[in-house]
Amino acid sequence: MVTINTALGKELRKMRIDAGEVLKTMADKLGVTSSYLSAIEVGKRTMSDKLLNKLQEVYQLSEEMMLTLRSAIEKDKPTVEINLTETTKKQRSVALAFARTFRDLDQEALESISKLLNNGEDINGDDI
């Protein structure tokens with residue numbers, strides 16, 4: 001059995017189960033192969049905007065569910081790009097310093113930064 005470790009994969013699996021469907025049924029409805037949909041569920045592939053729109057159309061998803069899925073897609077992205085074009089020298093310096101060191105931050109530092117960046121709220125990630 002394959003473990004689903006992505007936020008999007010968990011949402012898709014829940015959606016399938018709630019609809020009483022197996023992977024192949026959902027894949028057929030979306031016009032993709034089972035292996036392709038499985039790769040999206042387990043995080044080996046990303047979901048395109050086109051496929052996300054097809055999912056909304058086929059399953060008549062609410063705007064709330066679409067926000068949830070878009071949030072999951074963003075959360076699962078392996079990279080983040082920051083445009084530093086219109087930033088101050090200090091902003092660039094902080095962004096670059098963070099990019100260089102974030103993997104080495106301990107739990108306490110991560111929690112402090114999370115609270116600072118999220119207006120005092122501790123946003124719990126799966127790994128924190």
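Reader: Where does Q60 lie, and what makes that stretch a loop between helices?

Author: Q60 is placed in the loop between α4 and α5, the latter covering residues 63-76. Helices are DSSP runs of H or I with at least four residues, strands are E runs with at least two, and both are numbered from the N terminus. The model is predicted, and local features need pLDDT of at least 70, side-chain atom pairs count only at pLDDT 80 or more, and totals for chains, interfaces and linings use all residues.

Reader: Why is Q60 called exposed?

Author: The relative accessibility of Q60 is 71%. Exposed means over 50% relative accessible area, buried under 20%, and partly exposed in between, with a 1.4 Å probe and protein chains only. The value for Q60 is over the 50% limit, so the residue counts as exposed.

Reader: What is the phi of Q60?

Author: Q60 has a positive phi of about 45 degrees, although it is not a glycine. Most residues other than glycine have a negative phi. A positive phi also occurs at G43, which follows α3 and has a value near 90 degrees.

Reader: How do you know whether E41 is buried or exposed?

Author: E41 has 4% relative accessibility, which is under 20%, so it counts as buried. E41 belongs to helix α3 (residues 34-41), whose buried residues are L37, A39, I40 and E41. These buried residues pack against α1 (7-18), α2 (23-30) and α4 (49-59).

Reader: What makes E41 and R16 a polar contact?

Author: Their side chains are joined at 2.9 Å. A polar contact is a pair of N or O atoms within 3.5 Å; within protein, one must be able to donate a hydrogen and the other to accept it, and residues adjacent in sequence count only if both atoms are side-chain atoms. Contact in general means heavy atoms within 4.5 Å. Leaving aside neighbours within four places in sequence, E41 is in contact with I4, T6, G9, L12, R13, R16 and L23.

Reader: Why does E21 count as buried, and where is it found?

Author: E21 is in the loop between α1 and α2. Its relative accessibility is 10%, under the 20% limit, so it counts as buried. The side chains of E21 and K29 are joined by a polar contact of 2.3 Å.

Reader: What about K44: buried or exposed?

Author: K44, in the loop between α3 and α4, has a relative accessible area of 71% and is exposed. The C-alpha atoms of K44 and T6 are separated by 9.6 Å, and the two residues are 38 residues apart along the chain.

Reader: How many aromatic pairs are found, and how is such a pair described?

Author: A search of the whole structure finds one. The rings of F98 and F102 have centres 5.7 Å apart and planes at 25 degrees, so the pair is stacked. Rings of Phe, Tyr and Trp (its six-membered ring) pair if their centres lie within 6.5 Å; planes under 30 degrees apart count as stacked, over 60 as edge-to-face and the rest as tilted.

Reader: Why are F98 and F102 called partly exposed?

Author: F98 has 39% relative accessibility and F102 has 35%. Each value lies between 20% and 50%, so both residues count as partly exposed.

Methods. Residues numbered from 1 in each chain as written. Heavy atoms only, no water.
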